[in-house]
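My notes follow, in the order I took them.

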Amino acid sequence: MTRYELFRRRIAPVLFLGLVGMIALDTCNKNERTHATIVLDLGAARRTIRTLEAQLVVDGELINTFQRTALGADLGPTRFEVAMPSKDGELRVTANGKQVVRRIHAEEGATVTVSLEADFR
């Protein structure tokens, strides 16, 4: 048996199956997400905020954007669902032109409340 035949019959199939397994494992791990609800607690500052935008950044990648504009006197509910590839992230909240950045940690199915009243008074 020559080297080429040895490679083609014995080594190549093992390498092929190993690569397929690695691709399958990588695909399965990418689907693992942390699902959570983020609640922006604005407290008394809610009445003064006309526009609100929140961006969730995880590992340097923009994961989710939430926007709300006040129609009338109330801003409306400020809660949104996220699916994060990691449990830790950064929440960038902009209200009436002022930006606040907060680090967050979420467990599966958790409700993460971010208090922003003092920042937007």
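This is a predicted model: local features need pLDDT of at least 70, side-chain atom pairs count only at pLDDT 80 or more; totals for chains, interfaces and linings use all residues.

I started with Phe-7, which lies in helix α1, residues 3-30. Residues are numbered from 1 along each chain as its sequence is written, and side-chain values use heavy atoms, with hydrogens and water left out.

**Patch**

Phe-7 counts as partly exposed because its relative accessibility is 42%. My cut-offs are under 20% relative accessible area for buried, over 50% for exposed and partly exposed in between, with a 1.4 Å probe and protein chains only. Together with Met-1, Leu-6, Ile-11 and Leu-15, Phe-7 makes a nonpolar surface patch of about 480 Å². Patch residues have over 30% relative accessible area and no salt bridge; like charges are joined within 9 Å, and nonpolar side chains (Val, Leu, Ile, Met, Phe, Trp, Tyr) within 5 Å. The areas come from the Shrake-Rupley method with a 1.4 Å probe, and for residues only the protein chains shown count as cover.

**Positive phi**

Which residues other than glycine did I find with a positive phi? Asp-59 has phi near 55°, and Asn-96 has a phi of about 50°. Asp-59 is in the loop between β2 (51-58) and β3 (61-69), and Asn-96 is in the loop between β5 (88-95) and β6 (98-105). Asp-59 is exposed at 68% relative accessible area, whereas Asn-96 is partly exposed at 42%.

**Ser-86**

I went to Ser-86 next, in the loop between β4 (79-84) and β5. What does Ser-86 contact, leaving aside neighbours within four places in sequence? I get Thr-34, Val-58 and Asp-59, taking contact as heavy atoms within 4.5 Å. Ser-86 is partly exposed, at 22%. I also checked Gln-99, 13 residues away along the chain from Ser-86: their C-alpha atoms are separated by 23 Å.

**Rings**

I found one aromatic pair in the structure. The ring centres of Phe-66 and Phe-80 are 4.8 Å apart with the planes at 10°, so the pair is stacked. Phe-66 sits in strand β3 and Phe-80 in strand β4, 14 residues apart, so I noted a link between distant parts of the chain. The rule for Phe, Tyr and Trp rings (six-membered ring for Trp) is centres within 6.5 Å; planes under 30 degrees apart are stacked, over 60 edge-to-face, the rest tilted. Phe-66 is buried at 8%, and Phe-80 is buried at 8%.

**Salt bridges**

How many salt bridges does the whole structure hold? My search found three, with a side-chain nitrogen of Lys or Arg within 4 Å of a carboxyl oxygen of Asp or Glu as the criterion.

- Lys-87 and Glu-107 meet at 3.0 Å, N to O. Lys-87 is in the loop between β4 and β5 and Glu-107 in the loop between β6 and β7 (111-115), 20 residues apart.
- Arg-92 and Glu-90 meet at 2.8 Å, N to O. Arg-92 is partly exposed at 29%, but Glu-90 is buried at 19%.
- Asp-119 pairs with Arg-102, the closest N and O atoms being 2.2 Å apart. Asp-119 is in the segment after β7 and Arg-102 in strand β6, 17 residues apart.

Note on methods. Helices (H or I, at least four residues) and strands (E, at least two) are DSSP runs, numbered from the N terminus.
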